[in-house]
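Please open the model in your viewer and keep the selection panel at hand. The tour goes from one selection to the next and says what is found at each stop.

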Amino acid sequence: MEEEKVINNYFYDEAAYDYHDAGYVPLKEPQTPQQPLNIPGLLKPDKETATDMYYTIVAQTGEVQLLPGKKTQTWGYNGPLLGKTVVFKRGKTIHVHLVNHLPEVTTFHWHGLAIPGPIEDGGCHAPVYPGKSRDVTFKINQPAAFVWLHAHPCPSTAEQVWHGLAGGAIVQDDHEASLPLPRNYGVDDIPIILQDRRFHKDNQWDYRADYDPDGVAGPTPMINGTINPYFDVTTQKVRLRFLDGANRREFRLHFSDDLEFAQIAGDLSLLPHPVKMTKLLITCAERQEIIVDFGKYKPGDVVTLYSDDVPLVHFRIHEFKPDHTTLPQQLFETPDPAVDPDLPVHHVTLDGMDESVAINGKKFKMDRIDYKMPLHKVQIWDIENTNPAPGMIHPYHMHGTAFEVISRDGHAPYPNERGLKDTVAVNPGEHVRIKVWFNVAGVFMYHCHIIEHEDGGMMAQLQVVDPADPNKKYHLMNHMTLMKAFAEERHVPMDQLWLGGMDSYKKMGMEM
């Protein structure tokens, strides 16, 4: 039998890595004492029945001891920073009571869930104002995956995520549960939310001071809201569910000793087969799940996870029982529905950098529908990054659906993107073809997930039309409605309101 290949490269064009950008902020190893890795707690349902789950999610302010000295002012869900992990069970109807205890308007976007838009999906059209609440109900009908919740109020999505409004959610199903995979949450099944921050005077964050229209970044890695974390390894095998929750940064992940690992899942499903690797690039909003086998180490050893040459997490090895389970070679069968012959290829261009960003030459308008697509029909979308080399890698994301990557410039997709995805990184000058279909109707956004790019207008929206109700109308808000709310809540006149994305429109002489 042929020896299985171990991948030891990052796939993408090195010339486009973020460290070539003129505004790149290099990561630096924190010089503070190591802290236990924060493992977000599981959010307890208010109620659960055989068919339904009920949750309350509160967006709130807080403060966290991230560095020695003063606590950092933060925002979070059901806690001071980031969020507790929500569990969704396939087949169940989910009822969520969303509460805003922040000083300004926000939204609650379920990134990766195939649920109706624009309200349940939680993009910019579903605001929850300070002191107010909103109730949404949706059905979970998708494979097991690691998805996430983040704020999405246009054009201040990036700033609110930077404040801390991001948290993980796990979709469970019977198929994944039948496989011999680590799933003892907090012990051998660990979310790893990768972010970065810059600390200013008194350990505070200052988004406006750090603002860059190509994406805000900071020199300090922050993992699950922990600076310089360690994790106590008490099992031979550990499942790490990576989420790149950064506004801008790509993470090029590898372990000390070039320790081999197996990737088992991407954004929205298990992979068809495990992929053996020593290097893994993850870009904004992507999720990648890996299994790490620490069997060759002994108690007292430390294995370090790095991005480039900067340590992110120190895995401290303790006693553990030998684990002789083997990963199945068949993990998942990726759906591959036939393309509808009546639907031509739909072309999307990701254009520009800095303030000039756009999709198909246009900046986003909240009350404009850019494309219509029939429910349950399958279409090829061609996503082109029009930046000339070296340019930037643009992570392209779609709300409300899971898509299949079918080619890169006519060649096969990368081995670790053959499952279902909602975000795909596109190299400068590259065409990535994806197979798209929607199982829910509504209005959905698609955009670059460098969050400052989406705030700056590299975003569009489509309407998925149900043939049973082809004339359904959706109430679409406009940017001005939200910007007036921000101005009122920040107690400034409109001509003094600053939201990062506004600059991109102003500097291009465009109305929002």
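Which residues does Gln263 touch, not counting residues up to four places away in sequence? Select Gln263 together with Leu271, His273, Pro274, Val275, Met277, Leu280, Gln288, Glu289, Ile290 and Asn416, which are the residues it touches under that exclusion, where contact means heavy atoms within 4.5 Å. Before going further, note that this is a predicted model, in which local features need pLDDT of at least 70 and side-chain atom pairs count only at pLDDT 80 or more, while totals for chains, interfaces and linings use all residues. Residues are numbered from 1 along each chain as its sequence is written, and side-chain values use heavy atoms, with hydrogens and water left out.

Stay with Gln263, which sits in strand S17 (residues 261-265); helices (H or I, at least four residues) and strands (E, at least two) are DSSP runs, numbered from the N terminus. With a relative accessible area of 0%, Gln263 is buried, a class that means under 20% relative accessible area, whereas exposed means over 50% and partly exposed lies in between (1.4 Å probe, protein chains only). Now show the side chains of Gln263 and Asn416, which make a polar contact at 3.0 Å; such a contact is a pair of N or O atoms within 3.5 Å, and within protein one must be able to donate a hydrogen and the other to accept it, while residues adjacent in sequence count only if both atoms are side-chain atoms.

Next, select Asp257, in the loop between strand S16 (251-255) and S17. Asp257 has a phi near 65°, a positive value in a residue other than glycine, and at 53% relative accessibility it counts as exposed. Ala285, in the loop between strand S19 (280-282) and strand S20 (287-293), also has a positive phi, near 80°, but Ala285 is buried, with a relative accessible area of 0%.

Move on to the cavities. On a 1 Å grid over the protein atoms alone, a cavity is a set of points where a 1.4 Å probe fits but cannot get out, and lining residues have an atom within 4 Å of a point; grid points are joined across faces, edges and corners, and a volume is the space filled by probe spheres set on the points. To see its lining, select Asp18, Asp21, Gly23, Tyr24, Val25, Asp212, Gly215, Ala217, Arg248 and Arg249. These lining residues divide into three nonpolar, two polar and five charged, where Ala, Val, Leu, Ile, Met, Phe, Trp, Tyr, Cys and Pro count as nonpolar, Asp, Glu, Lys and Arg as charged, and the others, Gly among them, as polar.

Ala217 is buried at 13% relative accessible area, and, not counting residues up to four places away in sequence, it touches Val25, Trp162, Asp196 and Arg249.

The second largest cavity has a volume of about 50 Å³, and its lining has five nonpolar, four polar and one charged residues; among them are Leu43, Tyr77, Lys84 and Leu149.

Finish at two prolines. The peptide bond from Gly117 to Pro118 is cis, with omega near 15°, and the bond from Cys154 to Pro155 is cis as well, with omega near -5°.

Definitions and conventions: 1 Å grid on protein atoms, 1.4 Å probe; cavity = no way out; pocket = protein on both sides within 12 Å on 5 of 7 lines; lining within 4 Å.
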